[in-house]
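This report goes through selected local features of one protein chain. Keep the sequence and the structure at hand while reading.

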Amino acid sequence: MEVGELPERLSFPQEEENVQKYWERIEAFEKSNELSKGKKVFSFYDGPPFATGLPHYGHILAGTIKDVVTRYAYQTGHHVERRFGWDCHGLPIEFEIEQALGIKTKEDVLKFGIGNYNKECRQIVMRFAGEWERIVKRLGRWIDFENDYKTLSTSYMESVWWVFKQLHEKGLVYRGFKVMPYSTGCTTPLSNFEANLNYKDVQDPAVTVAFPLKDDPNTLLLAWTTTPWTLPSNMMLCVNAGMSYIKILDEKTQNTYVLAESRLVQLYKDPKKAKFTVLEKYKGSDMVGWKYEPLFDYFVPEYGDRAFFLVSDDYVTDDSGTGIVHQAPAFGEDDYRVCVAVGAVDKSELPCPVDESGRFLEPVHEFVGVYVKEADKPIVNEIKKKGRIVKNEQFFHSYPFCWRSETPLIYKAVPAWFVKAEELKDKLIENNLKSSWVPKFVQTNRFGNWLENVRDWNVSRNRYWGTPLPIWTNEEHTERLVIGSVEELEKLCGKSGITDIHRENIDDLEIVNPETGNVLKRVEEVFDCWFESGSMPYASIHYPFTEEARNYFGKAFPADFIAEGLDQTRGWFYTLTVLATALYDKPAFKNCIVNGLVLAEDGKKMSKRLKNYPDPMTVVNEHGSDALRLYLINSPVVRAEPLRFREAGVRDVVKEIMLPWFNAYRFFIQNAKHLEFETGVSIKVGTHTAKEMSSRNPMDHWVMSSLGSLIHFVRQEMAAYRLFTVVPRLVHFIEDLTNWYVRLNRPRLKGAISLDDWRIGLENLADVLLALSRLMASFTPFFSEYTYQNLKSCAPESLQSESVHFLMVPELRDDVVDETFEAAVGRMQEAITLGRVARERRNVSVKQPLCKITLVHRDQTVLDSVMSLESYVKSELNVQEVVYSTLESEFVVLKADADGKILGKKLGKSFAKVHKAVRSMTSDQVQGLERSGSVEIEGHKIEACDIRITRDLAPSLKDQAEHLETAFTGGHSGLLALLDLQVDEELEEQGTCREVVNRVQKLRKHCGLNPKNRIEVYYETSDAKLGGIIARRAAEIGNTLKSPPLLELKHLSPKAVVYSETETIIGSSTLQLCMVRAAPYPSVARLAETPSATTDSATCAASYILARESGALHELMEQLQTTKISIDDVEYELKPGYNVFKSNSERLAAGAPP
């Protein structure tokens, strides 16, 4: 078997880079796509990121999930097209350009020129594309960058136009006013999703303003607002029809006020102590229609005859303010709805005296040119002059800011183009339920609730760098043409050769309406980039414009799988769903994995400014991509929960998963090479069936059954996209393989039992490691490849491939699954773990043999299962006897105590009585509680989980407490272990022998020796007792070490080749150890008996013999019985057992002189 040499310590990052170079050399990803051509298509949509910054942990997490699922899909016999995509348009790029060029307003852009502006945007769009490709590939993700899609390409934009035209033809597009979150910094409305991205705690003015009644100017209606800048646009006041209102006379000011009865606290700090007189009470419904004096007369000429009176609406509440809300229809969504409903304003025309940059316009002449937030104070001062300010305070609250410009958002009515999402509501909800989400609650709760409250989707933005809306209209918007392709545009405008449809290339194109003959111009708006990304299933393949796209779309829609973060429930997931429903009445995807957010270790959002997280590539270069991938996908974040990123967690993955896996793999390679060296036998998997291989040894049976169960589980759970169940199970199997199978089989796998056992054990281990490399290939692509490349030489023909990633996931092995035996091994592991815990508590090394361990369980079948594997319990715990009992009461007394934290909250005042009753429970009663799971105490049902149960030694064993240690796994089904710690002289000597063996083995490891390197060991100690033990048990220790019996240091030949010497402590005694290379050992005196030989020449012959490797000379002597060597013209006949011996100890035993 030709396998590479393995280092004792592996640099995972370095080996990953070597694997990546190998993939590049063989063009592995491209070749895998060639190999899968013609297979069933597994379609996957990759949401496009911006390339204006480098990947962060959120990108890495989502990319890892996508890579795992698509690799696995390939492994299950699918053709998986994986193309990277780029989100090239929108505010992120524009904002960066505007900062660089000092552009702040629309006028600045027009002065600079839209063409120049977009040229600047285009130049930075792909600035970090090369770094993205390098990082994504280094993270092990296989995806096509060469054949990527970009939202700025004409083919992509043309398909976006086609999508929009389909919606328009279905009557789902309209132009209207809508009050939207509006960024004055970016001069564009934002989606509600974007508006929720950046809330900050701020202080704003909070004023209570008086509005005198028209018919009774002495009666003042009180309204409260935190946006004084909206007061010049006041058109109405709104109450809640069902709420109670009160008219009072304030004794201090002698003013008469009207406000909600429950909101007197807005006027007085303590209404109970305030001095006022109640004059009248009303229901809100009684107040509807009351007219009041406007604050300002800016809009009185135009709206005076239909505005400035009280209306009612249920959105008014009494949780803040006065219960009377001032209405500025251009600056509040509810304000707009209420005012339009009563006819105070028209949908098509609103009093909106604020420009795109948030500055006041006419007719608000006192404040023209003033930014709205800066106008708060002067407006309040103006109202003070009118005597209409009742209260002026500061209000600390959470307020939305633009996520790009960091300017405060305002709500502003803007003309915009909308898709009628509300009209699609029922279909959206129905189609959502046709797909499968992981975790489920995101689909039904977060996303489902969003769809239940769906609002029409504003798809337009008053911007420049984006796909232009393909709408041509007249100035009055009474005529409209929507274009669905470049060809259609060329035909209607009479211009050919259009290759780019960004604004600078088509804004000036005019179209003559074929029906009316009127000239139409394109509207200014561009698409919201969410509309572009939601069009990805169609636009990324230029659907429906090519035959290839139409054929592929038929196979690939809806997508089999998508994955993104939790924040995309109101972003990409939503836009995909709306467009797929509108176009085809289908969900856009069949399966969706939603991940949570990756936070800094302190629980805060990761921030470059705060530097509160490690650079991802630093982590990769230090610990490896596989470790980072496993850390991320074996965490709560794949269940849509937040993850506090800890680099120490990645380090733990290396320590607890990657290194043990490597050690098991290295152990196999070393011993397979040793087997071949000793016997010429090469390990080859597949010469026997899995069932045959599992039937010869209990641990083989267990590991093959566990592997069969694992394969079944992985296939089942991956089919359901439950990564959060799959990864822990894979990790657990690696732990079982390294900590149990290899450990319990170490002597057998090293050839200490028999040649047949040695070979079969290694074949089993090879089979398991090969299967593991394929099962883990999706999750740890680098290390799976690394192990496979060395293992494939012992793989059957069916598993021969250039890469593990070309192979399919292992087939089901249900015929070898034995769940009963797996459970028995689980009980055995439990018993061994308890024994180890008991030793650790008393600080007794496992090298020290002990007399016995007693295992107690109420179920005899549980004990029988442990008994069937007793030899492993004895070996691992180093005990001479295992005793079993079902009578727990003979060994321990059960006691109970109530958990105050839990029960105290549940029971309140009743806790004291229950606590007393719990503590007085008998051992039998506590056993009953464990069996039933609950008990009624003092009229309360008490669950077992609310009770702390302890086990103390039974009174009959108290006198043995000094040498008994108990350990228990808990609950009714747990095992109880009692370890007898008494040590007699024989056990003490055995323990000493183990300590000596341990020190020698450490010395071997320190010298880097492998099983082929035979050794002899010499010792020296001044402790007579220790020396006597070693002398008596020299052969026993030697057998364990596979070396001759240990000899005292005084017998060491000065010609011996010394590997290493060390001084160590055993117990309280000092021991000197010297490890030398094993060699045939000559007797100089007897070699000197050779004719013509002298002592000097015989010494030379002895030096020659001692310098030989022991193996070759031994084999020659065994074959010939004698052999001859010639030194300095003297021919020596070597006679095994007379003048040359296999070891120094053999010479001493034969009584031969040195």
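Is serine 36 buried or exposed? Serine 36 is buried, because its relative accessible area is 0%. The model is a predicted one.

Serine 36 sits in the loop between helix 2 (28–35) and strand 1 (40–42). Leaving out residues up to four places away in sequence, serine 36 touches Tyr74, His78 and His79.

Threonine 70 belongs to helix 3 (residues 57–75). With a relative accessible area of 1%, threonine 70 is buried. A polar atom of the threonine 70 side chain lies 3.3 Å from the backbone oxygen of aspartate 67. When neighbours within four places in sequence are set aside, the contacts of threonine 70 are Phe44, Val80 and Arg82.

## Salt bridges

The structure has 58 salt bridges. One of them joins the side chains of glutamate 98 and arginine 463, with an N to O distance of 2.4 Å. Glutamate 98 is in helix 4 (residues 91–101), while arginine 463 is in the loop between strand 19 (460–461) and strand 20 (471–473), so the pair ties together parts that are 365 residues apart in sequence. Glutamate 98 and arginine 463 are both buried.

A salt bridge is also formed by the side chains of aspartate 148 and lysine 150, at 3.1 Å from N to O. Aspartate 148 counts as buried because its relative accessibility is 17%, and the cut-off for buried is under 20%. Lysine 150, at 25% relative accessibility, counts as partly exposed.

## A salt-bridge network

Glutamate 989 and arginine 1032 form a salt bridge in which the closest N and O atoms are 2.4 Å apart. This pair links distant parts of the chain, 43 residues apart: glutamate 989 is in helix 36 (residues 985–1007) and arginine 1032 is in helix 37 (residues 1024–1032). Glutamate 989 is buried, with a relative accessible area of 9%, whereas arginine 1032 is exposed, with a relative accessible area of 55%.

Which residues are linked in a network of salt bridges with Glu989 and Arg1032? The network also includes Glu986, Arg1033 and Glu1036.

## Helices that meet

The axes of helix 23 (residues 625–633) and helix 29 (residues 781–791) come within 7 Å and cross at roughly 125°. Helix 23 and helix 29 are therefore oblique to each other. On the helix 23 side, Ser625, Asp626 and Arg629 take part in the contact, and they meet Pro781, Phe782 and Phe783 of helix 29. The residues of this contact are three nonpolar, one polar and two charged.

For helix 27 (residues 723–749) and helix 30 (residues 819–841), the axes come within 13 Å and cross at roughly 90°. Helix 27 is therefore roughly perpendicular to helix 30. Helix 27 contributes Asp736, Trp740, Arg743 and Leu744 to the contact, and helix 30 contributes Met828, Gln829, Ile832, Thr833 and Arg836. Sorted by class, the contact of helix 27 with helix 30 has four nonpolar, two polar and three charged residues.

## The buried side of helix 12

In helix 12 (residues 333–341), the buried residues are Asp335, Tyr336, Val338 and Cys339. Just after helix 12 comes glycine 343, which has a positive phi of about 80°.

## Backbone details

The place of serine 1092 is the loop between helix 39 (1084–1087) and helix 40 (1095–1106). Serine 1092 is exposed, with a relative accessible area of 70%.

The bond from tyrosine 543 to proline 544 is cis, with omega near 0°, and proline 544 lies in the loop between helix 19 (536–539) and helix 20 (547–556). The bond joining phenylalanine 557 and proline 558 is cis as well, with omega of about -5°. Proline 558 is in the loop between helix 20 and strand 25 (562–565).

Note on methods: Residues numbered from 1 in each chain as written. Heavy atoms only, no water. Axes fitted to C-alpha atoms, helices over the stretch in contact; angles between N-to-C directions. Helix = DSSP H or I, 4+ residues; strand = E, 2+ residues; numbered from the N terminus. Parallel < 35°, antiparallel > 145°, perpendicular 65-115°, else oblique. Contact = heavy atoms within 4.5 Å. Nonpolar A, V, L, I, M, F, W, Y, C, P; charged D, E, K, R; others polar. Salt bridge = Lys/Arg side-chain N within 4 Å of Asp/Glu carboxyl O. Buried < 20%, exposed > 50% of the residue type's maximum accessible area, 1.4 Å probe, protein only. Polar contact = N/O pair within 3.5 Å; in protein donor to acceptor, adjacent residues only side chain to side chain.
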